[in-house]
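Subject: A structure for you to explore

Hi there,

Here is the structure I promised to pass on to you. Have a look around it first, and then read my notes below.

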Amino acid sequence: MSVLDDIIEGVLEDMTERQRHVPLSVIQEGVRSATPARDAFEALGSGTAEHGLSVIAEVKRSSPSRGSLSQINDPALLAASYANGGAAVISVLTEQRRFGGSLADFDAVRERVDIPLLRKDFIIDEYQIWEARAHGADLILLIVAALDDEQLTRFLRLTEELGMHALVEAHTEEEVHRAVQIGARIIGVNVRNLKTLDVDRSVFGTLSGFIPPGTVVVAESGVRDVQDVQEYAARGAHAVLVGEALVQHGDPGTEISHFTSAGTASMSAGRT
């Protein structure tokens, strides 16, 4: 069993338990009374380099590859520092077993900040999409490797019907083509190998070349410092998703501003 398969097995068990307590009909009623979703596509620059580099800053306690990263006693306070530092979107992990996240974390962040939020989880059922919107999500994650084409198409359609956007994550050339085929407007290239969990940053430059203009291109994984951000921006990233480097930084808001300015400068240099 791969790491992804193992995570999904746990996600299914946890979701099934939530469904016992909160049926879909109740979730859907919550969506009808929810504040409309914020436009994450626009917040990330609508796929144009002129907007400059955006940062998706992540509230992330742990990961399968690195174990515990940060205690994060107050996710809302951390999110506020991200927003103050200029993050375009805040990503909140809600997967419990491997990442230590929860919908309670998401709710706390949603109450504190007014910029678009990404519910970062392993979406395997429409219930989770309705659930994300009911909790105030503006953006969800769809992982190509975890879904077949029918599921990807159906999930993306529902996401957009509910007013949200999807960050469609790919790891290989074939997955990028699948993401493009279903009409994804925000495509993330994750440079972490799902089988070994190793990071190969060079993968981004290769795969980003297969993503058509007008799509928001997000570089995922492997951001350690400003130099990594500059390299991703120079190779076509409109945004970078950063977790570990921020949750372990003493002043994450300032670091986000450094990432944004450095990445934007790198994008500008590439157009001259």
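This is a predicted model: local features need pLDDT of at least 70, side-chain atom pairs count only at pLDDT 80 or more; totals for chains, interfaces and linings use all residues.

Residues are numbered from 1 along each chain as its sequence is written, and side-chain values use heavy atoms, with hydrogens and water left out.

Back to Phe41. You will find Phe41 in helix α3, which covers residues 40-43; helices (H or I, at least four residues) and strands (E, at least two) are DSSP runs, numbered from the N terminus. Which residues does Phe41 contact, once neighbours within four places in sequence are left aside? They are Ser46, Gly47, His165, Arg185, Ile186, Gly214 and Val216, where contact means heavy atoms within 4.5 Å.

Thr215 is worth a visit next. Thr215 sits in the loop that runs between α9 and β9 (216-220), and with a relative accessible area of 6% it is buried. Leaving out neighbours within four places in sequence, Thr215 is in contact with Gly47, Ala184, Arg185, Ile186, Ile187 and His238. Between Thr215 and Ser46 there are 7.0 Å from C-alpha to C-alpha, although the two are 169 residues apart in sequence.

Now the whole chain

The chain has twelve helices and ten strands. Its radius of gyration is 17 Å, close to the 19 Å that the globule rule gives for 272 residues, so the chain is as compact as a globular protein of that length. That radius is taken over C-alpha atoms, and the globule rule is 2.2 Å times the number of residues to the power 0.38. Along its principal axes, the C-alpha trace spans about 55 × 40 × 35 Å.

How much of the chain is buried? Buried residues make up 52% of the 272 residues. Of the contacts with a separation of 6 or more, 68% are between residues 24 or more positions apart. The chain exposes about 11500 Å², and carbon and sulfur atoms supply 48% of that area, as computed by the Shrake-Rupley method with a 1.4 Å probe, where for residues only the protein chains shown count as cover.

The nonpolar cores

In soluble globular proteins, nonpolar side chains tend to be buried together. A nonpolar core here is a set of buried Ala, Val, Leu, Ile, Met, Phe, Trp, Tyr and Cys residues joined through side-chain atoms within 4.5 Å. The largest one has 63 residues, and those with the most contacts inside it are Tyr82, Ile90, Ile129, Leu142, Phe204, Tyr232 and Val240. Apart from that core lies another, of 24 residues, and Leu4, Phe41, Leu93 and Leu241 are among them.

Phe204 belongs to helix α9 and is buried at 0% relative accessibility. Not counting residues up to four places away in sequence, Phe204 touches Val189, Val191, Val217, Val218, Ala219, Tyr232, Arg235, Gly236 and Ala237. Phe204 and Arg32 are 39 Å apart, C-alpha to C-alpha, and 172 residues apart in sequence. With sequence neighbours within four places set aside, the contacts of Val240 include Leu53, Ile56, Val218 and Tyr232.

- Thr159, in helix α7 (residues 149-161), is buried at 0% relative accessibility. Beyond residues up to four places away in sequence, Thr159 touches Ile129, Ile140, Met164, His165 and Ala166.
- Ile72 has a positive phi of about 50 degrees although it is not a glycine. Ile72 is in the loop between β3 (67-68) and α4 (75-84), and is buried at 9% relative accessible area.
- Leu197 also has a positive phi, near 70 degrees, in a residue other than glycine. Leu197 lies in the loop between β8 (186-190) and α9 (202-208), and is partly exposed at 21%.
- Ala108, in helix α5 (residues 103-112), is partly exposed at 30% relative accessibility.

Enjoy exploring!

Technical notes. Buried means under 20% relative accessible area, exposed over 50%, partly exposed in between (1.4 Å probe, protein chains only).
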